[in-house]
Amino acid sequence: MLLVIVPLSGIAQHHSPIGVSIYSDFFPGFKLHKNRFTGSSVYSLQLSFYDRDYTRMEYTLHYSRGYDSSISHSVGLSAAYVIGLSNRFLLKPGLGLDGYKLTDRSCHTTFRSILNKIFDIYEPCDDDIHTSFNPFLAFEARLSEHLSLFIRTSYRLMLSSTDYVKETITETAPNGEEITRDIHGTEHSVYGAGYGIGMGLRINF
């Protein structure tokens with residue numbers, strides 16, 4: 001089917017090279033590690049660039065808030081192949097990648113945790129890492145020269161690496177002082193996070 005549609009992609013040259021979008025996504029059931037949230041929604045701000053001269057791909061950076069109060073935000077990027085169905089309608093199959101920041105973690109960045117491990121610095125909180133891979137299909141309709149409406153359906157496959165305390169040990173310092181510290185481990189898991197469907201407005205430049 002894709003081989004039949006691809007020859008029509010030349011019509012997609014009318015697609016604007018730069019766009020800013022406001023997007024809302026709804027998840028009937030969204031799973032993050034051992035928690036499942038029912039009826040979650042997320043709001044995103046997206047910045048897109050369409051490479052119409054070489055790859056015919058649209059690349060998007062996005063920042064999202066919502067999901068649940070335990071999740072601060074997510075940041076990600078995506079790439080989609082732009083298929084022109086007509087001068088007004090576009091089809092965009094693609095793949096996204098998102099990283100999630102939780103609100104109850106005292107560590108701020110994964111980069112900070114990596115430096116701690118390299119320099120053997122103990123910190124009571126290692127970052128949990130939650131990353132999703134999001135295949136999606138979007139349909140976009142041009143309402144005017146500078147405004148488009150799009151709907152998108154997606155599925156999220158999640159990869160989580162979570163920190164836990166394996167054991168607590170007590171060591172005696174040279175001065176005789178006893179020091180107690182936790183030994184941490186990391187649990188890795190791969191699971192389906194859920195389907196999503198959403199709608200957005202895109203401003204074309």
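Lys 31 lies over the face of Tyr 191, at 5.2 Å from the ring centre. A charge counts as over a ring if NZ of Lys or CZ of Arg is within 6 Å of the ring centre and within 35 degrees of the ring normal. This is a predicted model, where local features need pLDDT of at least 70, side-chain atom pairs count only at pLDDT 80 or more, and totals for chains, interfaces and linings use all residues. Residues are numbered from 1 along each chain as its sequence is written, and side-chain values use heavy atoms, with hydrogens and water left out.

**Charges and aromatic rings**

- Arg 152 also places its charged end over a ring, that of Phe 136, 4.8 Å from the centre.
- There are nine aromatic pairs in the structure. Rings of Phe, Tyr and Trp (its six-membered ring) pair if their centres lie within 6.5 Å; planes under 30 degrees apart are stacked, over 60 edge-to-face, and the rest tilted.
- One of the pairs is Phe 30 with Tyr 100, which is tilted, with 6.1 Å centre to centre and 45° between the planes.
- Phe 30 is in strand β1 (residues 18–32) and Tyr 100 in strand β6 (residues 89–102), so this pair ties together parts 70 residues apart in sequence. Strands (E, at least two residues) are DSSP runs, numbered from the N terminus.
- Phe 30 and Tyr 100 are both buried. Buried means under 20% relative accessible area, exposed over 50%, and partly exposed in between (1.4 Å probe, protein chains only).
- Tyr 67 and Tyr 100 form an edge-to-face pair, 5.4 Å centre to centre with 70° between the planes.
- Tyr 67 sits in the loop between β3 (57–66) and β4 (71–81), and Tyr 100 in β6, so the pair ties together parts 33 residues apart in sequence.
- Tyr 67 and Tyr 100 are both buried.
- Ring pairs join Phe 27, Phe 30, Phe 37, Tyr 67 and Tyr 100 into a cluster.

**The largest nonpolar core**

- The largest nonpolar core has twelve residues, among them Phe 27, Phe 30, Phe 37, Tyr 67, Tyr 100 and Tyr 191. Such a core is a set of buried Ala, Val, Leu, Ile, Met, Phe, Trp, Tyr and Cys residues joined through side-chain atoms within 4.5 Å.
- Two or more residues of this core come from each of β1, β2 (35–51), β6 and β9 (178–204).
- Strand β1 gives the largest share, three residues.
- Tyr 100 touches residues including Ile 71, His 73, Arg 156 and Met 158, not counting residues up to four places away in sequence. Contact means heavy atoms within 4.5 Å.

- Ser 160 belongs to strand β8 (residues 147–172).
- Ser 160 is buried, at a relative accessible area of 0%.
- Beyond its neighbours within four places in sequence, Ser 160 contacts residues including His 33, Ile 129, His 130 and Glu 187.
- Phe 150 is also in strand β8. At 8% relative accessibility, Phe 150 is buried.
- Residues touching Phe 150 include Ser 21, Tyr 23, Phe 139 and Leu 201, not counting residues up to four places away in sequence.

**Strands β1 and β2**

- Strands β1 and β2 pair in the antiparallel sense over 14 bridges. Pairing requires at least two DSSP bridges between two strands.
- Gly 19 stands opposite Ser 48 in β2.
- β1 and β2 form a hairpin with two residues between them.
- Ser 44 is in strand β2. Ser 44 is buried, at 9% relative accessibility.
- A polar contact of 2.6 Å joins the side chains of Ser 44 and Ser 64.

**Backbone exceptions**

- Most residues other than glycine have a negative phi.
- His 33, in the turn of the β1–β2 hairpin, has a positive phi of about 55° although it is not a glycine.
- Arg 56 has a positive phi of about 60° and is not a glycine either.
- Arg 56 lies in the loop between β2 and β3. At 24% relative accessibility, Arg 56 is partly exposed.

How values were computed:
Helices (H or I, at least four residues) and strands (E, at least two) are DSSP runs, numbered from the N terminus. A polar contact is a pair of N or O atoms within 3.5 Å; within protein, one must be able to donate a hydrogen and the other to accept it, and residues adjacent in sequence count only if both atoms are side-chain atoms.
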